[in-house]
Amino acid sequence: MSETITFTIDGKKIPAKKGQTIIRAAEEAGVYIPRLCWLKDLIPGGACRVCTVLVNGRPQAACTQPAAGGIVVQNETEELFRWRKNIVAMLFVEGNHYCMFCEKSGNCELQAVAYRFGITAPKYPHQFPQRAVDASHPDVLIDHNRCILCWRCARTARVKDGKPIFGVVNRGIDSQLAVGPEQLGETELKATDKAVEACPVGALMKKRVGYAVPVGKRLYDHEPIGSDIEKAGNPA
Amino acid sequence: MNLQQVVPEAAARCGRDPSRVMDVVREVQARLGRVSDEAIDLIARELAVPPVDVKGVVTFYAFLSRKQKGRTVIRLSECVGCLGAEGHASAEELQRQLGIKFGETTPDGAISLEHTACIGMCDQGPAALVDEQPIARLTPERVKDLVAAVREQKLAEAGFAVADNVHKKGEVVFAEMEPGAGLKHALALDPAGVIGEVKASRLRGRGGAGFPAGTKWEFCARAAGERKVVLCNADEGEPGTFKDREILKHVPAHVFEGMAIAGYAIGAKEGILYLRGEYAYMLPALEKTLDEMREKGVLGKGLGGGKHDFDIRVQLGAGAYVCGEESALISSCEGGRGVPKDRPPFPVERGYLGLPTVVNNVETFATVARILEKGAGWFASFGTRDSTGTKLFSVSGDCAKPGIYELPYGLTVRELMALVGGEGAQAVLVGGPSGSFVKPEDFDRKIGYEALATGGSVMVFGPRRDLLEVVSGFMRFFVDESCGHCVPCRVGNVLIKERLDKIRAGHGVAEDLGYLEELCATVKRMSRCGLGQTSPNPVVTTLASFRGLYERRLTESNGLQPDFDLNAALQAAVKAQGRAPVFHED
């Protein structure tokens, strides 16, 4: 039996199991905390920082910070909204993102979070990095242009598929998703692996299935990302 | 020497331990001049580590390379502290003498020339590393001698020795101490008593963050687990910091003794000193000290004739400032990329290899040995209430006597400037680029945790320095040294530097200052570790204290997109046409 504790998010009482992270407890209570690198049932990465909340006034990533009894969490403040928006805006100029013809459009978490935040145009100067496409695998491709370095694929491949084939090379702004050995085609990755599904953007994709879902029927065509969580917790 | 021979030898030397990837890649780099993709695969196989992880390590650290390097690598510090006028001239002369540019290798494969971040020679820059050997006080003249000595392989005799520059020895760190005296007093107490003594001294960590050392030890002592670890952070990389260099040179035994005391207090048998790659030249002397201490019974089995065992190994880094962050230091000690870890759990609960770990700075351990020798009360009589004891200040920049000063906490910036001959400064940077630029009106502020906190770096900038160039240099440093794991630090610092340089070039408009402040706040508040949380400080503190420097460079907005530089955009066309554009006014 795990101990139950209670804390608040923006004044709302949230029950949590001891040791549970803030983001999980929030999700179960119908509070959406925006995130990109977090994926349910996966070790958290703490990389995108979009889920940063104020815990007793201090910024902490909700995906790594355990809930504790009595803590006061702020999720929707004017400052947090701005800072989160800034981070998402950074991602759009760090890589080369072309939503209008990307196969992931409408199903892309980066695009969906940007829409939820009201981002419509680039805020920062584009960095236009030179990035490669790895199409060496028969069924899956990596487009580094669209990678946001969330490491969801890398963590999923290791933990769920048992294949430590993705990793990180270089550092700082030159950091890049890497595969070992050199190219995706040389790895034991299968199109059915969970890692392929883990990509929130159009960086790791199955070949020959792009644009299969028509506009209007895609994941985020009608309601903002996070609506499902909010609805589940707040039935009308 | 070939790969098939070198890799298995290196792997065998560390027992084919998967957590020792760093030692293996370091050895391969040293012996073969690179860690090729073939080597990466071999190392991965020998240590049973995924190849992509070995590749991750090789590409993370500045001193490791997949491409072939020359038999000798000359690395010139491009740190703000080193790159004054002499630094630029020396850089030019190095390229001229070698006939290559930075980033290149001579055609005979003999010498590679590179830039590197601060190498801890700030009191005697411009400085360079020739392989592991530091070369100080470069001038264009000395560059000629240096290149000749490297070519003739007579560097050792060429007289490039590093100066000490310890100008003020205090009572705590640099005073004489009978070997084992601190440990003897510690062993007379029980472990809780030792922690009590350190807590009573109110010693705060000397690396910069200032966490109470005794409290940290207490947490670790209470953490569950039989096996615990004492880690000494000798990765001083904050530009302007070189105090640990002198501690490790003059009183390494105090540091090791402090680690042994910590081991006794928390119940750890293992200690690791993580030595930054830039200080690899100190390794032989440190190993010798360790051997001497083992012979005297201050380290090894049955410390001081008692039941407690404690020994220390030295782990070398390979060029990454972020490894000075304690959880990144642990990642690096484990053989991986120097990427910080999420907290909680804190290292005192789950640190090195998941074991409860105390991480303290070199100076903290040296101070602990003294506290146990002389008593907490004696120690706390120095300094102020919140900042007890003495502190080592490494002073560099535009002053008469740069070097090391051990002084009680609580002195003002003005008093320190009088001591070092830096009176005419337009600004003093206390705490390195992660700290604050202090303006002359604030020179009566006290140095200590209650006012101006510092891990020891004090950089003096005289009236003729271009402060914004200095700030830009520091931002380049943070861009280069960001580990890249989290978005705000990885991308935000690039954007900050870009906009700052736009203002420096005279293309900034009033809105750019607000843009910078907003970016800086985002990076500081949203970043994952201390690096990102402090990296915008050079900009933040100069915007606060030296705003005029920015405002004077601003231009009137012309109504066009403020961040669009029309002139730069037209450069290619101007070049092609051979004439400047004609602008038609309305």
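How many residue pairs are in polar contact between chain B and chain A? The count is 20 residue pairs, both at pLDDT 80 or more, where a polar contact is a pair of N or O atoms within 3.5 Å and, within protein, one must be able to donate a hydrogen and the other to accept it, residues adjacent in sequence counting only if both atoms are side-chain atoms.

## Basis of the model

This is a predicted model, in which local features need pLDDT of at least 70 and side-chain atom pairs count only at pLDDT 80 or more, while totals for chains, interfaces and linings use all residues. Residues are numbered from 1 along each chain as its sequence is written, chains are lettered from A and ligands numbered from 1 in the order in which they are written, and side-chain values use heavy atoms, with hydrogens and water left out.

## The interface of chains B and A

Chain B contributes 45 residues and chain A 46 residues to the contact, contact being heavy atoms within 4.5 Å. Between them the two chains bury about 3,500 Å², 56% of it on carbon and sulfur atoms; buried area here is the accessible area (1.4 Å probe) that two parts lose on being put together, summed over both. On the side of chain B, the residues that lose the most area to chain A are B:R490, B:R525 and B:M526, together 20% of what that side buries.

The count of salt bridges between chain B and chain A is 6, a salt bridge being a side-chain nitrogen of Lys or Arg within 4 Å of a carboxyl oxygen of Asp or Glu. The side chains of B:K55 and A:E182 meet in a salt bridge at 3.0 Å, N to O. Helices α4 (51–60), α17 (467–481), α18 (487–504) and α19 (511–526) of chain B each supply at least two residues of the side that touches chain A, and the largest share, 9 residues, comes from α18(B). Helices are DSSP runs (H or I, at least four residues), numbered from the N terminus.

## The two domains of chain A

An automatic or database domain assignment divides chain A into domain 1 (4–76) and domain 2 (84–206). Their centres, taken over C-alpha atoms, are separated by 25 Å, and the contact takes 22 residues from domain 1 and 20 residues from domain 2.

Domain 1 and domain 2 of chain A bury about 1,500 Å² between them, 64% of it on carbon and sulfur atoms. More than any other three residues, A:L36, A:L42 and A:V50 supply the area that domain 1 buries against domain 2, namely 39% of it. Between these domains the count is 0 salt bridges, whereas 8 residue pairs are in polar contact, both at pLDDT 80 or more.

Not counting residues up to four places away in sequence, A:R84 touches residues including A:I33, A:P34, A:N75, A:F117 and B:M526. A polar atom of its side chain lies 3.1 Å from the backbone oxygen of A:V50, and the side chain of A:R84 also reaches the backbone oxygen of A:T52 at 2.8 Å.

## Helix α1 of chain B

In helix α1 (residues 3–13) of chain B, the residues B:L3, B:V6, B:V7, B:A10 and B:A11 are buried. Seen down the axis of α1(B), these buried residues fall within an arc of 125°, so they line one face of the helix. They pack against α2 (21–32) and α3 (37–47) of chain B.

Definitions and conventions: Buried means under 20% relative accessible area, exposed over 50%, partly exposed in between (1.4 Å probe, protein chains only). The arc is that of the directions from the helix axis to the C-beta atoms.
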